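Q: Please take a close look at one part of this model, the pairing of its strands. Then place the strands among other local features of the chain.

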Amino acid sequence: MSRTLCDLLLENLADAGVSHIFGVPGDAINSLVDSLRRCDSIDFIQVRHEESGAFAASAQAKLTGKLAVCCGTAGPGAIHLLNGLYDAKRDHAPVLAITGQVETTQLGHHYHQEIDQDALFRDVAVYNRTVVTAAQAPRMFADAIQAAVAGRGVAHLALPSDVAAMTTHDEAQHVFVDHPRTVPSDEHLDRAAKLLAEAKCPVIFAGIGAADAVDELVAVAERLGAPIVHSLRGKDLLADDHAFNIGGLGMLGGKPAVEAMDRCDVLLMVGTDFPYQNFYPERTRAIQIESNPLHLGRRHPLAAGLIGHAQPTLRKLLERIAAKPNHAFLQQAQHNRKQQLKYFANQEAKTGSPVPPHCVPARAGALARDDAIFVCDTGEVTVWTARHLHLRQHQRLTLSCQLASMAFALPGAIGAQLAYPDRQVVALCGDGGFSMLMVDFLTAVKYALPITVIVFNNHKFGLIQAEQEASALPEFAVQLHNPDFAAYARLCGGEGWNVNDVDQLDAAIKSAYSSNKPSLISVEVDADVLPMPPEISMSQAINFSIGKLREMAAKLDF
């Protein structure tokens, strides 16, 4: 049967489990959009900005582990996709980007909207091709899908407008993507087991790569008497109150994790590529479980490297390690964690106006359903979420982690809600990040997605201000002139509430959670509450003081 190449591509994508394609129509992708019009198995989600479409696809891919797709027209449409695609690249999310291109007869002639897309996408993509004949299309479509899924990255296909409209009698090639569960050699497993047997103060550091091995992770922790520290993307592996969970590491983490790392003599890293080397213990024998050999030892020197996937590797280790009778180190770490949670609870119980920012994620989490998915933005909101969103088991959290891009939360929530229509989805946004792509609240309204958007409204780029002051610089160019976000949400056709006092917070959250419309809560948070690191060095304290003095001098025109 004769059909267009775009029809064939959609057959391939449907076979790979794709249900949505996010994008903005344009003349160079008219054939693709027309195929989508006629397609029963894939919905075209029209966003207002291609960056939103790429973020939505990235969030879907991170949450589901499956292929997600976005598209854009030639030139500016393709360029707009890049930030969201880099987010997918850095967080190892399988995303296919389909872009239009000028007709093949015009390629290389500086035609209207022509850009060198091969060069543009070269760094971001694991697969990057322009289709120029109908004969090569079936294999290229399959290769692109396979590269994105198997390589856990971005694939890019450029379709010149004349090629996209071509017809073909070829059948779609089925894509076979096998994910073999690799395990290390017995020699390496034995070495790692010997190190763990010798440990007096073992610590497990877990990241998102351990997502399918939570039961095994806990079993190893229990046998070793080892506390579990998590990376930010690993926050939803264990409930916040789990007995072995002592919290996150890094600037967004807490003292229990820092103190455990300081005392640690053997560190077991599972599925994490945590980049901040100053938070690793200095004189510690480290073991790393990692499926990608290129990641072994690139963050911290290793005593043993285990090339394998988390679940089967941990099972092999469990066969080799005996239960330790002395859990004093674990018990001290658990005590420290209980003290931290008690301190957090005191912060979260504060009242008044403006709202202490600690209260917002705490109440959003406490009132959410057990199946809630939280999508977090980048900025001060990330600090408050990392510490004060107390996840329960089976709740999810995703964010722009390695790229740390602002504006991820709203489009990420759109992608999440479409992937999980029966689950509750909450976007936790800074006012700076939300305002970057706030136009796509209209997309949530258009598709009747009952997401809840909570905006931490402090009228500034708060984290940037903190970074300026920590570098002994005065605050500059961080203040924001914000509209009434709640009124904007209502103008778009959603619901909106302004919260100026802690006493109003629960009622607004309950109203938003019970609404069947996209809802937005703009919370006036206290702009003077600083996102403090888990430990403050002398240099940080001195630089902060110098920055404040310079700020005062600038205001006084000294």
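A: What follows starts with the strands, then moves to single residues, loops and a pocket.

First, the ground rules. The model is predicted, and local features are given only at pLDDT of at least 70, side-chain atom pairs only at 80 or more, while totals for chains, interfaces and linings use all residues. Residues are numbered from 1 along each chain as its sequence is written, and side-chain values use heavy atoms, without hydrogens or water.

Start with the sheet that holds E2. Which strands form the open sheet, and in what order? Six strands line up as E3-E2-E4-E5-E7-E6, with parallel pairing. Helices and strands here are DSSP runs numbered from the N terminus, helices (H or I) of at least four residues and strands (E) of at least two. Strands count as paired when DSSP finds at least two bridges between them. In general, strands of a sheet pair through backbone hydrogen bonds, either parallel or antiparallel. At the edges of this sheet stand E3 (43–46) and E6 (125–130). Each of these edge strands pairs on one side only. On average, neighbouring strands in the sheet are turned by 20° against each other, direction ignored. Axes for such angles are lines fitted to C-alpha atoms, and angles run from 0 to 180 degrees between N-to-C directions.

Now zoom in on E2 (residues 20–23). It pairs with E3 over four bridges, in the parallel sense. Glycine 23 faces glutamine 46 in E3. Where do the side chains of E2 go? His20 and Phe22 point one way. Ile21 and Gly23 point the other way. Every one of these residues is buried. Buried means under 20% relative accessible area, exposed over 50%, and partly exposed in between, with a 1.4 Å probe on protein chains only.

Elsewhere in this sheet, E5 (residues 95–101) runs parallel to E7 (residues 154–160), and seven bridges link the pair.

E8 covers residues 167–168, and threonine 168 sits in it. Threonine 168 has a relative accessible area of 5%, so it counts as buried.

Now the sheet that holds E9. Another open sheet has six strands in the order E11-E10-E9-E12-E13-E14, and its pairing is parallel. Its edges are E11 (245–248) and E14 (304–307). Each edge strand has a single partner, so one of its sides has no neighbour in the sheet. Within it, E9 (residues 202–206) runs parallel to E10 (residues 228–230), joined by three bridges. Phenylalanine 205 has valine 229 in E10 as its bridge partner.

Next, a helix residue. Valine 218 belongs to H10 (residues 214–224). Is valine 218 buried or exposed? It is buried, because its relative accessibility is 15%. Its C-alpha atom lies 39 Å from that of alanine 527, a residue 309 positions away along the chain.

Serine 353 and proline 354 are joined by a cis peptide bond, with omega about -5°. Proline 354 lies in the loop between H13 and H14 (359–367). Alanine 448 is not a glycine, yet its phi is positive, about 50°. Its loop connects H18 (441–446) and E18 (452–457). Alanine 448 is exposed, because its relative accessibility is 53%. Histidine 459 is not a glycine either, and its phi is also positive, about 60°. It sits in the loop between E18 and H19 (462–470). At a relative accessible area of 27%, histidine 459 is partly exposed.

Finish with the second largest pocket. On a 1 Å grid over the protein atoms alone, a pocket is an open set of points where a 1.4 Å probe fits, with protein on both sides within 12 Å along at least five of seven lines; lining residues have an atom within 4 Å of a point. The lining of this pocket has 22 residues. Nearest its centre are Tyr343, Phe344, Gln347, Arg387 and Met532. The elements that give two or more residues to the lining are H11 (255–263), H13 (328–348) and H15 (380–388). H13 gives the most, five residues. By type, the lining has eleven nonpolar, seven polar and four charged residues. Nonpolar covers Ala, Val, Leu, Ile, Met, Phe, Trp, Tyr, Cys and Pro; charged covers Asp, Glu, Lys and Arg; the others, Gly among them, count as polar.
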